[in-house]
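Reader: I have a model to go through with you. Can you take me through it, beginning with the overall order of things?

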Amino acid sequence: MSSMSAPSANSSATPLVLPVSKAVMWLVGTAVVAFAVYYFIGVDQGAYSVFGNDMHVHEFVHDARHFLGFPCH
């Protein structure tokens with residue numbers, strides 16, 4: 001038999017306490033990353049890119065755009 005025992009009924013998990021200031025930073029950071037991903041996959045059209053005509057992010061995410069239902073041509 002295994003030497004591991006079943007958890008007792010008295011043991012409890014300690015919750016993760018996150019200060020509001022850190023929670024706000026995590027939420028803001030997540031929102032910034034989400035908006036950047038949304039821009040590159042859903043909005044960037046290559047010719048109208050904020051990065052100019054040199055970087056065609058549109059071509060790198062072209063198939064993902066169609067898969068997610070974004071029209072692009």
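Author: This is a predicted model.

Reader: What pLDDT does the chain average?

Author: The average over the protein chain is 75, and 60% of the residues reach at least 70.

Reader: And which elements have the lowest and highest mean pLDDT?

Author: Helix H2, residues 57-60, has the lowest mean, at 67. Helix H1, residues 20-43, has the highest, at 89. Where pLDDT is low, the coordinates should not be read in detail.

Reader: Noted. How much of the chain counts as buried?

Author: 15% of the 73 residues in the protein chain. The accessible surface is about 6500 Å², with 70% of it belonging to carbon and sulfur atoms.

Reader: Which residues form a nonpolar patch on that surface?

Author: Val20, Val24, Val28 and Val32. Together they have about 360 Å² of accessible area.

Reader: Take Val24. Where is it, and is it buried, partly exposed or exposed?

Author: Val24 lies in helix H1. Val24 counts as partly exposed because its relative accessibility is 42%, which falls between the 20% limit for buried and the 50% limit for exposed.

Reader: Switching to Val61. Where does that one sit?

Author: Val61 is in the loop between H2 and helix H3, the latter spanning 62-67.

Reader: Buried or exposed?

Author: Val61 is buried, because its relative accessibility is 17% and the cut-off is under 20%.

Reader: What does Val61 touch, leaving out residues up to four places away in sequence?

Author: Phe40 and Ile41. Val61 and Ile41 are 20 residues apart in sequence, with their C-alpha atoms 6.0 Å apart.

Reader: What share of the contacts with a separation of 6 or more comes from residues 24 or more positions apart?

Author: 20% of those contacts in the protein chain.

Reader: Now the segment after H3. Where does Gly69 stand, buried or exposed?

Author: Gly69 belongs to that segment. Gly69 counts as exposed because its relative accessibility is 57%, and exposed means over 50%.

Key: Residues are numbered from 1 along each chain as its sequence is written. This is a predicted model: local features need pLDDT of at least 70, side-chain atom pairs count only at pLDDT 80 or more; totals for chains, interfaces and linings use all residues. Side-chain values use heavy atoms; hydrogens and water are left out. Buried means under 20% relative accessible area, exposed over 50%, partly exposed in between (1.4 Å probe, protein chains only). Contact means heavy atoms within 4.5 Å. Accessible areas come from the Shrake-Rupley method with a 1.4 Å probe; for residues, only the protein chains shown count as cover. pLDDT is the predictor's confidence in each residue, from 0 to 100. Helices (H or I, at least four residues) and strands (E, at least two) are DSSP runs, numbered from the N terminus. Patches are made of residues with over 30% relative accessible area and no salt bridge: like charges are joined within 9 Å, nonpolar side chains (Val, Leu, Ile, Met, Phe, Trp, Tyr) within 5 Å. A salt bridge is a side-chain nitrogen of Lys or Arg within 4 Å of a carboxyl oxygen of Asp or Glu.
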